[in-house]
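Here is a short briefing to read alongside the model. Please keep the viewer open as you go.

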Amino acid sequence: MNRELLAQWLDGYERAWRSAGVEPLTALFTPDATYQQGPYDQPVVALPAIGRMWEDTRDGPDEVFTATTDIVAVDGETAVVRVEVKYGDPVGQQYRDLWIMTFAGDGRCSAYEEWPFWPGQPHTADGDTVRK
């Protein structure tokens, strides 16, 4: 993996999110890929399950959003990307994420881990928004 290929993959990811159905995912993820929606979440395993999760998570291909990505690092098969997504017009929900991805030799993602953050999210496990 390199920065140019990763940028192409990120463009494909956004196109897939904006596309009907889950067929575009086959170009992005290996058949046995894992997709973790949070660092402590159980991974969704294999392309059919990832497709079902996508369909359950999004409002559909016409969902209004903007996304910006910033490649933080690429080291061999591993990449880290900072992502900001704003949903709606006007914006009703926004996220700043870190994505940690491992890629197979064919350029498809074999392991995806997301670290999502949003406004008002607590800083501690007990729900405090202010660090003590």
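The notes below cover confidence, aromatic pairs, a charged residue and some backbone features.

This is a predicted model, in which local features need pLDDT of at least 70 and side-chain atom pairs count only at pLDDT 80 or more, while totals for chains, interfaces and linings use all residues. Residues are numbered from 1 along each chain as its sequence is written, and side-chain values use heavy atoms, without hydrogens and water.

**Confidence**
- The protein has a mean pLDDT of 91, and 95% of its residues reach 70 or more; pLDDT is the predictor's confidence in each residue, from 0 to 100.

**Aromatic pairs**
- There are 14 aromatic pairs in the structure; rings of Phe, Tyr and Trp (its six-membered ring) pair if their centres lie within 6.5 Å, and planes under 30 degrees apart count as stacked, over 60 as edge-to-face and the rest as tilted.
- Trp9 and Phe29 are edge-to-face, because their ring centres are 5.7 Å apart and their planes at 80°.
- This pair links distant parts of the chain, with Trp9 in helix H1 (residues 3–17) and Phe29 in strand S1, 20 residues apart.
- Phe29 is buried at 0% relative accessible area, and Trp9 is buried at 5% relative accessibility (buried is under 20%, exposed over 50%, partly exposed in between, with a 1.4 Å probe and protein chains only).
- Tyr35 and Tyr112 are stacked, at 4.1 Å centre to centre and 25° between the planes.
- Tyr35 lies in strand S1 and Tyr112 in strand S6, so their pair ties together parts 77 residues apart in sequence.

**A buried charge**
- Glu114 sits in strand S6 (residues 109–117).
- Glu114 touches residues including Tyr35, Asp97 and Trp99, where contact means heavy atoms within 4.5 Å.

**Backbone features**
- Strands S3 (residues 65–75) and S4 (residues 78–87) pair in the antiparallel sense over ten bridges; pairing needs at least two DSSP bridges between strands.
- The hairpin of S3 and S4 has two residues between the strands, and Gly76 there takes a positive phi near 65°.
- Ala46, although not a glycine, has a positive phi of about 85°, and this residue lies in the loop between strand S2 (44–45) and H2.
- Asp89 and Pro90 are joined by a cis peptide bond, with omega about 10°.

Methods
Helix = DSSP H or I, 4+ residues; strand = E, 2+ residues; numbered from the N terminus. Lists of a residue's contacts leave out its neighbours within four places in sequence.
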